[in-house]
Amino acid sequence: MRSAVDNPFNPGSDVVPLVWAGRTVQLEDWRAVLRPRLIHGLPERGRTILGEPGLGKSALVRKIAAEAAENGDWVTPQIRVPSGSDPLKLVADALLQLAHAAGLASRREKRLDDLLGRVQSVAASGVSLALRESRGPNPHVALTQLLVEIGLAAMSKGVVCLVHVDEVQNISDDAALSQLLIALGDAITHRTTVTVPGGLEVEQSLPIAVYLTGLPEFEDRAGAKKGATFARRFATTVLQAIDDDDLTQALHEFVIHGWETADGAGRSTRVHMTQDAVATLVDLCRGEPFLFQLAGQQAWYAGQGPLITADQVAAGWRTAQREATAHVERILGRLPQRERELLEAMAELPAADRRLTTIAHRAGFSTAAAAGPTSQRLDTVRGIIQRGKKYSFRHRAVEAYLTSDWPEVE
């Protein structure tokens with residue numbers, strides 16, 4: 001009854017899981033703000049979604065992209081940037097696919113033929129020296145021009161063009177990063193003149209939505225290279241853990257109606273979950289989307305019958321403890337030494353004593369002021385802690401790992 005084929009949980013990266021939890025603010029931003037404004041020709045910034053590994057950045061934007069495609073919008077494939085690669089080549093190739101979908105190649109205009117040829121050169125050579133010396137606009141200008149043409153075609157069809165660039169922290173070349181941000185930023189801020197009913201001419205923005213996803217340190221690099229321009233053109237969100245209520249709601253279908261699955265005899269049946277099982281699963285994953293999917297996946301495999309119990313959730317989690325531990329250790333392992341030391345000092349203190357002065361002293365800082373920049377990065381850039389009169393943890397899996405026996409379970 002419960003087989004690998006029917007398992008609705010998927011902790012794999014970039015996959016939109018069937019059991020979706022939370023992120024309502026970001027989804028509503030697309031549904032109620034970004035898309036409606038773009039359809040009406042109103043200006044909107046791009047969106048940068050950042051966060052520590054396992055918070056579901058890529059899955060979130062792929063879910064948005066899937067909804068966009070269902071509405072008839074034009075969506076690029078997920079443009080994942082491997083370390084050391086040229087992002088302009090990857091974006092150019094994706095835009096050529098969009099241009100084909102938009103029918104630009106079939107218009108047989110010399111201007112468009114030349115532009116498509118130039119972007120094909122970018123897709124082949126990126127920002128190489130040979131390309132820079134070739135005739136025609138610079139690579140980033142060619143990308144902007146093609147994206148504008150795609151945006152104009154999307155406007156005429158009443159749809160939105162959505163571009164998703166993932167793993168943006170891997171863009172190590174400053175010139176490539178600068179050109180990419182300028183190309184995308186110039187396209188989303190481009191305005192065109194249209195004639196509205198009554199014969200009036202007005203300026204409208206193009207329906208181009210750009211999502212950048214990656215690790216938190218990207219904002220530092222982008223801000224350093226583009227300064228205020230990047231902030232004006234892209235609104236940044238640092239994802240945090242999902243509320244327990246949202247995780248519980250995501251499992252509501254299992255408790256009330258059951259999850260529909262095949263029974264092996266050509267018929268369908270339903271797999272339910274006890275309320276105790278839901279509470280156990282939610283407690284174990286500590287708000288982490290990756291751990292939520294991992295715990296659900298292993299709980300599904302821990303039995304065969306139509307009811308998932310708390311004991312099965314615990315049994316499944318035991319098989320996943322090593323992976324859960326490695327997940328949190330990867331997050332901690334990415335931190336600079338002083339950030340890690342401040343976190344560990346904070347974890348050693350009772351919650352009531354977690355004030356900056358006490359934390360700084362325990363972590364070996366000379367003064368509280370000296371610890372200020374480190375604590376600020378852990379808060380505003382990484383989203384791991386919450387500063388205030390008393391400090392607290394936002395990243396509940398990191399807190400549990402540092403302050404308890406988690407992920408061990410009785």
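**Exercise 1. Determine which side chain Arg-354 meets in a salt bridge, and where the two partners lie.**

Solution. The side chain of Arg-354 meets that of Glu-399 in a salt bridge, at 3.6 Å from N to O; the term denotes a side-chain nitrogen of Lys or Arg within 4 Å of a carboxyl oxygen of Asp or Glu. Next, locate the partners: Arg-354 is in the loop between α15 (337-348) and α16 (356-363), and Glu-399 is in helix α18 (residues 396-403), so the pair ties together parts that are 45 residues apart in sequence. Helices (H or I, at least four residues) and strands (E, at least two) are DSSP runs, numbered from the N terminus. Finally, consider accessibility: Arg-354 counts as buried at 6% relative accessibility, whereas Glu-399, with a relative accessible area of 23%, is partly exposed. Buried means under 20% relative accessible area, exposed over 50%, and partly exposed in between (1.4 Å probe, protein chains only).

The model is predicted: local features need pLDDT of at least 70, side-chain atom pairs count only at pLDDT 80 or more, and totals for chains, interfaces and linings use all residues. Residues are numbered from 1 along each chain as its sequence is written, and side-chain values use heavy atoms, with hydrogens and water left out.

**Exercise 2. State how many salt bridges the structure holds, and describe the pair formed by Glu-67.**

Solution. The structure holds 23 salt bridges. In one of them, Glu-67 pairs with Arg-31, and the closest N and O atoms are 2.5 Å apart. This pair links distant parts of the chain, since Glu-67 belongs to helix α2 (residues 57-70) and Arg-31 to helix α1 (residues 24-39), 36 residues apart. Glu-67 is buried, with a relative accessible area of 18%, while Arg-31 is partly exposed at 37%. A further salt bridge joins Glu-44 and Arg-47, with 3.0 Å between the closest N and O atoms; both of these residues are buried.

**Exercise 3. Describe how domain 2 and domain 3 meet.**

Solution. The domain assignment, whose bounds come from an automatic or database source, gives domain 1 (24-125 + 133-238), domain 2 (244-331) and domain 3 (335-403). The centres of domain 2 and domain 3, taken over C-alpha atoms, are separated by 32 Å. Nine residues of domain 2 are in contact with eight residues of domain 3, contact meaning heavy atoms within 4.5 Å. The area buried between these domains is about 770 Å², and carbon and sulfur atoms give 61% of it; buried area is the accessible area (1.4 Å probe) that two parts lose on being put together, summed over both. On the side of domain 2, Arg-286, Val-328 and Ile-331 lose the most area to domain 3, together 65% of what that side buries. The count of salt bridges between the two domains is one.

**Exercise 4. Find the backbone feature of Arg-286, and state where this residue lies.**

Solution. Phi of Arg-286 is near 55 degrees, a positive value in a residue other than glycine. Arg-286 is placed in the loop between α12 (275-285) and α13 (289-301). Its relative accessible area is 22%, so Arg-286 is partly exposed. Glu-167 also has a positive phi, of about 60 degrees, although it is not a glycine; Glu-167 is found in the loop between β4 (161-166) and α7.

**Exercise 5. Identify the residues that a cis peptide bond joins.**

Solution. The cis peptide bond joins Trp-406 and Pro-407, with omega of about 15 degrees. Pro-407 is in the segment after α18.
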